[in-house]
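User: Hello! I am new to this structure and would like to learn how to read its features. Could you take me through some helix pairs and ring pairs?

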Amino acid sequence: MQERKAELGWIDDPRVFRVNQMAAHSDHHFYKTEEEFRAGKSSFRQDLDGTWKFAYAKKASDRPVDFYREDFDDRGFDDIQVPGHIEFAGYERIQYVNIQYPWEGHEYIRPEGAECAGDEHPFSQSDYCPSGSYRLTFDLEPEMRGKRVSIFFEGVEQAVYVWLNGVFIGYGEDSFTPTEFDLTEAIRDQGNVLAVRVYKKTVAAYLEDQDFFRFFGIFRSVYLLARPQSHLEDFWLRAQFDPETSQGKVDLDLTFTGENKGLIGVTILDGQGNMLLQTDGLIRDKMTFSLPMPERVRPWSHQDPYLYQAVFALTDSMGQLVELVPYDFGFRRIEIQEGVMKLNGERLIFCGVNRHEWSAESGRCIGEKERQWDMACFKRNHINAVRTCHYPDQLAWYDMCDREGIYMIGETNLETHGSWGKFACLDPSWNVPGSLPEWEAMTLDRAKTHFEVLKNHTAILIWSLGNESYVGETLVKMNRYYKDRDPDRLVHYEGVFWAPEYKDRISDLESRMYEYPAGIEKYLKEDGSKPFILCEYMHDMGNSMGGLNTYMKLLDKYPSYQGGFIWDFIDQSIYREDPVTGQQVLAYGGDFDDRPADYEFSGDGLVFGNRQEKPAMQEVRYYYGKYGK
């Protein structure tokens with residue numbers, strides 16, 4: 001581990017965004033035995049969700065500086081539930097804003113490197129820089145002891161510092177992508193003291209200006225992972241499919257850590273668990289396999305989300321099983337032919353929605369119940385695609401979309417709308433990341449982590465560079481990263497619409513928001529060099545959705561028009577007690593005395609925040625039923 005002392009100033013510096021973090025890797029689960037796999041419970045994982053000790057501070061100077069020390073007296077701390085938003089625990093204000101940054105009107109702050117830059121230390125020295133200090137004491141479970149152990153945060157807003165047993169472990173930004181740290185040198189079998197500090201107002205806020213309520217805290221699950229003596233650290237499974245012959249091939253890149261003594265066996269099973277092929281080899285640090293399938297394969301699609309399974313079995317020199325890694329995958333090909341986007345050789349039509357992770361009871365901290373309801377709603381209303389607006393989702397959602405055949409645009413955690421879009425006007429007088437060198441590494445890191453974690457998911461057909469972040473050379477480099485790293489998928493970015501000079505350097509698709517049908521026809525008639533999608537359209541707010549038919553009719557007329565994603569799936573509304581009636585009602589932006597606020601603009605979903613379908617869903621069900629089945 002790199003020895004480094006934690007510095008408060010990192011929250012002000014766009015060049016510091018990961019300290020001592022482990023490299024991002026595939027999101028696979030690993031088990032000690034086949035029985036563990038069947039039961040869905042790994043002895044290599046220890047959950048840390050539950051009740052933690054907690055202290056809130058409004059500004060950085062008020063934080064309990066030495067809270068990470070083992071002998072720190074935390075009896076004055078409160079209890080808080082992890083995962084969860086700090087705001088929902090009764091601390092901090094609840095605030096909803098769409099475009100502008102949440103401090104606008106209160107403080108003059110501009111990002112480093114931009115025109116009209118603000119203070120040198122705009123956040124850490126502000127009178128409003130909320131932090132949450134968490135403490136948890138735990139023992140390692142017996143099966144976890146004596147192994148390399150890491151801590152895995154699925155999601156923390158917005159910047160996180162970690163200590164264990166008084167030792168500084170690391171720092172990270174990127175709220176919606178997993179953050180992992182190696183604890184091995186500091187952990188012990190019993191009496192571990194874990195300390196985590198989270199800040200709400202950091203330079204990461206410039207890149208996370210999504211249209212949503214502004215929360216912070218440990219809002220997704222936290223757990224420990226123990227690695228056996230030989231461990232499959234990372235793999236990339238590329239399932240190649242030829243639509244003309246129905247032949248398939250599995251290309252594998254494997255990376256191992258640990259002793260790497262023993263044998264790796266690779267087995268491919270069909271959807272019924274029948275073995276189709278098997279191979280093995282002596283474990284080395286890095287290995288590759290190319291495995292042609294022995295028979296024609298069944299392609300994956302929304303209509304038939306057929307999944308195969310790869311099983312990786314690591315055994316030691318005595319033939320004893322050390323680790324078992326299963327992973328479900330499908331064969332499919334996404335490509336553009338003569339200006340038409342095709343899946344498995346057939347024209348692809350997106351009957352999609354943009355979906356925030358949301359619950360009126362718990363905000364963006366959702367669970368299996370909400371995911372299951374959303375998927376069932378997709379199915380009964382013929383929604384066949386989802387754009388993960390505008391950040392990576394919980395890992396379990398990608399598994400579900402693989403199984404259910406939901407096409408995904410996987411979106412990088414990037415939106416800088418407030419730096420160039422001012423009150424519905426185009427004003428890139430200062431813009432991040434743009435072409436600013438101070439912001440390049442931080443932004444590219446988000447693309448890399450997004451890819452490395454989620455690269456094996458069949459449902460992801462398209463990588464998105466993010467949302468509403470204008471353009472610049474950093475976006476060009478993001479596009480090139482995805483194209484070089486993963487030539488089998490397409491890349492999407494709507495922002496080139498604002499700067500046509502970047503058209504040939506960013507995005508495989510012509511993507512627009514809320515374009516009129518006449519504008520779509522104009523593009524397809526006069527240009528049509530790229531397939532056209534609406535990454536956002538209809539904007540289901542108030543009495544909307546009545547014109548959906550005018551868009552759907554274009555699908556019959558223009559093969560290069562390939563549908564779109566309604567904005568959006570669910571209202572961002574929160575239960576609160578009505579002060580007059582005492583009843584629980586749904587509250588929207590501005591209802592919490594938050595300023596600035598964008599008020600009821602948070603309520604533009606096809607379903608209410610309590611997951612009751614709105615009448616507009618009938619329109620979706622009718623027209624999507626014609627094209628999305």
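Analyst: Gladly! Axes are lines fitted to C-alpha atoms, and the angle between two of them runs from 0 to 180 degrees between N-to-C directions. Two packed helices are described by the angle between their axes and the distance between the axes. Please keep in mind that this is a predicted model.

User: At what angle do helix α7 and helix α8 pack, and how far apart are their axes?

Analyst: Helix α7 covers residues 517-526 and helix α8 covers residues 548-557; they pack at about 20°, and their axes are 10 Å apart. Angles under 35 degrees count as roughly parallel, so α7 and α8 are roughly parallel to each other. The crossing of α7 past α8 is right-handed.

User: Which residues of α7 and α8 meet?

Analyst: From α7 come Pro517, Ile520 and Glu521, and they meet Thr550, Tyr551, Leu554 and Lys557 of α8. Sorted by class, this contact has four nonpolar residues, one polar residue and two charged residues.

User: At what angle do α8 and helix α9 cross?

Analyst: The axes of α8 and helix α9 (residues 616-627) cross at roughly 0° and come within 11 Å. α8 and α9 are therefore roughly parallel to each other. On the α8 side, the contact is made by Leu548, Asn549, Met552, Leu555 and Asp556; on the α9 side, by Glu619, Val620, Tyr623, Tyr624 and Tyr627. By class, the contact of α8 with α9 divides into seven nonpolar, one polar and two charged residues.

User: How do the axes of helix α3 and helix α4 cross?

Analyst: For helix α3 (residues 368-380) and helix α4 (residues 395-404), the axes cross at roughly 30° and come within 11 Å. That angle makes α3 roughly parallel to α4. α3 passes α4 in a right-handed crossing. Glu368, Arg371, Gln372, Asp374, Met375, Phe378 and Lys379 of α3 make the contact with Ala396, Trp397, Met400, Cys401 and Glu404 of α4. Six of these residues in the contact of α3 with α4 are nonpolar, one is polar and five are charged.

User: Which residues in α4 are buried, and what follows α4?

Analyst: The buried residues in α4 are Leu395, Trp397, Tyr398, Met400, Cys401 and Asp402. After α4 comes glycine 405, with a positive phi near 75°.

User: Now for the rings. How many aromatic pairs are there?

Analyst: Two rings pair if their centres lie within 6.5 Å, and by this rule there are 58 aromatic pairs. Take phenylalanine 350 and phenylalanine 565: their ring centres are 5.2 Å apart and their planes are at 45°, so the pair is tilted. This pair links distant parts of the chain, with phenylalanine 350 in strand β26 (residues 350-354) and phenylalanine 565 in strand β35 (residues 561-566), 215 residues apart. Both phenylalanine 350 and phenylalanine 565 are buried.

User: What about the rings of tyrosine 537 and tyrosine 551?

Analyst: The ring centres of tyrosine 537 and tyrosine 551 are 5.2 Å apart and the planes are at 75°, so this pair is edge-to-face. Tyrosine 537 lies in strand β34 (residues 532-537) and tyrosine 551 in helix α8, 14 residues apart. Tyrosine 537 and tyrosine 551 are both buried. Tyr551 also takes part in the contact of α7 with α8.

User: Which residues do ring pairs link into a cluster?

Analyst: One such cluster joins Trp10, Phe67, Tyr68, Tyr161, Trp163, Phe168, Tyr171 and Tyr199 through ring pairs.

Note on methods. Residues numbered from 1 in each chain as written. Predicted model: local features only at pLDDT ≥ 70, side-chain atom pairs only at ≥ 80, totals over all residues. Heavy atoms only, no water. Helix = DSSP H or I, 4+ residues; strand = E, 2+ residues; numbered from the N terminus. Parallel < 35°, antiparallel > 145°, perpendicular 65-115°, else oblique. Left-handed = near helix turned anticlockwise from the far one by under 90°. Contact = heavy atoms within 4.5 Å. Nonpolar A, V, L, I, M, F, W, Y, C, P; charged D, E, K, R; others polar. Phe/Tyr/Trp six-rings, centres within 6.5 Å; stacked < 30°, edge-to-face > 60°. Buried < 20%, exposed > 50% of the residue type's maximum accessible area, 1.4 Å probe, protein only.
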